[in-house]
Amino acid sequence: MRLWPRSLAFRVIAFSTVWAILTLIVIFTLITTLYRQASERGFDSLLSAHLFNLIGSVGISDNGALTGAPDLGDLRFSQPNSGWYWSVEPASEGVHGDLHSSSMTTAIRSPDVADVPFNSNFQRSYATEGINHEELVVFESEFVLDSKNRAARFRVMGNKTELEQEIGSFQRRLLTYLSLFGVGMIAINAIAILLGLQPLRRVRNALAMVREGTAQRLDGRFPAEIEPLANETNALIENNKRIVERSRTQVGNLAHSLKTPLAVLLNEGRALGGAKGQLITEQAASMQKQVEHYLQRARVAAQRDSVVYRTPVTPLVQRMVRVLQKLNPQTSLSLSLPAVEIVFAGEREDLEELLGNLLENAMKWARSAVSVSVMPLAAKDDTANLFEISIEDDGPGIPEDKAREAMKRGRRLDETKPGTGLGLAIVADLVNEYGGVLMLERSGMGGLKAVVRLRSLQ
């Protein structure tokens, strides 16, 4: 199935794809935001816990020296320049010395209290640059160590860059998983949509079979949503068939009702004899021919655009060529047929009438040779399959300015030849009723070349 912007499948799949992409983007943003918030809360909680552990591990001697050997239980505090540090510094008079983690190889500055003040619990947090230019988050607190109100400043520093790297790694993994999930979801969604629209393709194929004449109705079981459409289509097909049959009946009745009066006129004309009898006979014969012609047009128009008939072209052309060759042994008749089978999308009688008039006209005007060829034409789109019948002779031909006039009903360019002047007109009307093309050209043999293009079935 072709997926164009006018296609229902294309629209549904495109809409669901856009919706899936937008949904996945929202999910990605939501999950990464929640993960970042949870990671930052966990990071802050960890630093806060380390800060309380540090405070509980440090004391002060009688002479005011800071004492203690804090072990915060994290190896990163012992790895030099790891981005995880702690330090204890004097915060009041009478306190001296300082303590720091073995990972802290150089002092790390802190902002002034005026810039980042302590809260009511004598705590503050801020971001600063680490030893290796990494971003640090610092939790800092001032704590009174004894009854003499001697205080120290405690700092625990965590590597914020490391946290950002972990968050970035999580985002990349999440993006990969969501992308794979999205591709799979879109593919499954597209398959589900195409399978869901499969009944519509079945309806289309069934309608094509009806149009080609290989089926008379839409057969098969359809989903509840499609079944009313199939039922209404079958009802329309049945109605068209009734119209065609009613038209055929009326055409037959009219032909039957006119047959006897025309036969009486013909017999009376022959019996009367003379100039008047000949005139009556000729006019009655002309009436009979024209009545048959218009009845045939009514029959073709009644069945056009409804159920299409199937007529194999090759055997019909071969049979008609054999008959005319026997009737005109003095004329050389050549026939060229394609290797592939061509099926005319119409009734056998109509194709016989069309070919009979063209062949009879060619035989009548040919000096010694007539050529007939049948060939398929390449389709210009998905719905048009054409074939071409070419009939040419070595007669005098028709001037280009007279070709259109020759196809008028009853118009004869040469009154010395027998005929009613309806042959090319009948052919033109039949071709027009079937939506084909009739062209009268100059033949390479010197005479007239009649080219007919009609629709064929695959």
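There are 13 salt bridges in this structure, and they make a handy way into what is a predicted model. As a bit of background, side chains of opposite charge can pair when their charged atoms come close.

## Salt bridges

Start with Glu164 and Arg36, whose side chains meet in a salt bridge at 2.9 Å, N to O. That pair ties together distant parts of the chain: Glu164 sits in helix 2 (residues 160-196) and Arg36 in helix 1 (residues 8-57), 128 residues apart. Glu164 is partly exposed at 28% relative accessibility, and Arg36 also counts as partly exposed, with a relative accessible area of 26%.

Then there's Arg76, which turns up in two pairs. With Asp74 it forms a salt bridge whose closest N and O atoms are 2.8 Å apart. With Glu162 the side chains meet at 2.7 Å, N to O. This second pair is another link between distant parts of the chain, with Arg76 in the loop between strand 2 (66-67) and strand 3 (85-90), Glu162 in helix 2, and 86 residues separating them.

Arg76, at 23%, is partly exposed, and Glu162 is partly exposed with a relative accessible area of 23%.

| Pair | N to O distance |
|---|---|
| Glu164 and Arg36 | 2.9 Å |
| Asp74 and Arg76 | 2.8 Å |
| Arg76 and Glu162 | 2.7 Å |

Elsewhere, Arg124, Glu140, Glu142 and Arg153 are joined up in a network of salt bridges.

Helix 2 deserves a look of its own. It has 37 residues and reaches 52 Å from first C-alpha to last, close to the 54 Å expected at 1.5 Å a residue. Its buried residues are Lys160, Leu163, Ile167, Gly168, Phe170, Leu174, Leu178, Gly182, Ala190 and Ile193. What do they pack against? The buried residues of helix 2 pack against helix 1, strand 6 (135-144) and strand 7 (151-159). So on helix 2 you can pick out buried residues such as Leu163 and Ile167 along with the partly exposed Glu162 and Glu164.

Helix 7 (residues 348-365) has 18 residues and spans 26 Å from its first C-alpha to its last, close to the 26 Å expected at 1.5 Å a residue. The buried set here is Asp350, Leu351, Glu352, Leu354, Leu355, Gly356, Asn357, Leu358, Leu359, Asn361, Ala362 and Met363.

Is Thr331 buried or exposed? At 4% relative accessibility, Thr331 counts as buried. Setting aside neighbours within four places in sequence, Thr331 is in contact with Gln325, Met363, Ala366, Ser368, Ala369 and Val370.

## Loops and surface

Phe122 has a positive phi of about 55° although it is not a glycine, and you'll find Phe122 in the loop between strand 4 (99-100) and strand 5 (123-129). Asn149 has a positive phi too, about 60°, and is not a glycine either. Asn149 belongs to the loop between strand 6 and strand 7, and is exposed, with a relative accessible area of 58%.

On the surface, Leu8, Val12, Leu200 and Leu229 make up a nonpolar patch with about 310 Å² of accessible area together. Leu200 lies in helix 3 (residues 198-212) and is partly exposed, its relative accessible area being 34%.

## The whole chain

Stepping back, the protein chain has nine helices and 14 strands. Of its 458 residues, 38% count as buried. The accessible surface comes to about 26400 Å², with 56% belonging to carbon and sulfur atoms. Among contacts with a separation of 6 or more, 63% are between residues 24 or more positions apart.

As for confidence, the mean pLDDT of the chain is 83, and 86% of residues reach 70 or more. Over residues 409-421, though, the pLDDT is below 50, and this stretch has 28 contacts in the model beyond near neighbours in sequence. Where pLDDT is low, the predicted coordinates should not be read in detail.

Conventions. Residues numbered from 1 in each chain as written. Predicted model: local features only at pLDDT ≥ 70, side-chain atom pairs only at ≥ 80, totals over all residues. Heavy atoms only, no water. Patch = residues over 30% accessible without salt bridge, like charges linked within 9 Å, V, L, I, M, F, W, Y side chains within 5 Å. Areas by Shrake-Rupley, 256 points an atom, 1.4 Å probe, with all protein chains shown as cover. Salt bridge = Lys/Arg side-chain N within 4 Å of Asp/Glu carboxyl O. Helix = DSSP H or I, 4+ residues; strand = E, 2+ residues; numbered from the N terminus. Buried < 20%, exposed > 50% of the residue type's maximum accessible area, 1.4 Å probe, protein only. pLDDT = per-residue confidence, 0-100. Contact = heavy atoms within 4.5 Å. Expected span 1.5 Å × (residues − 1).
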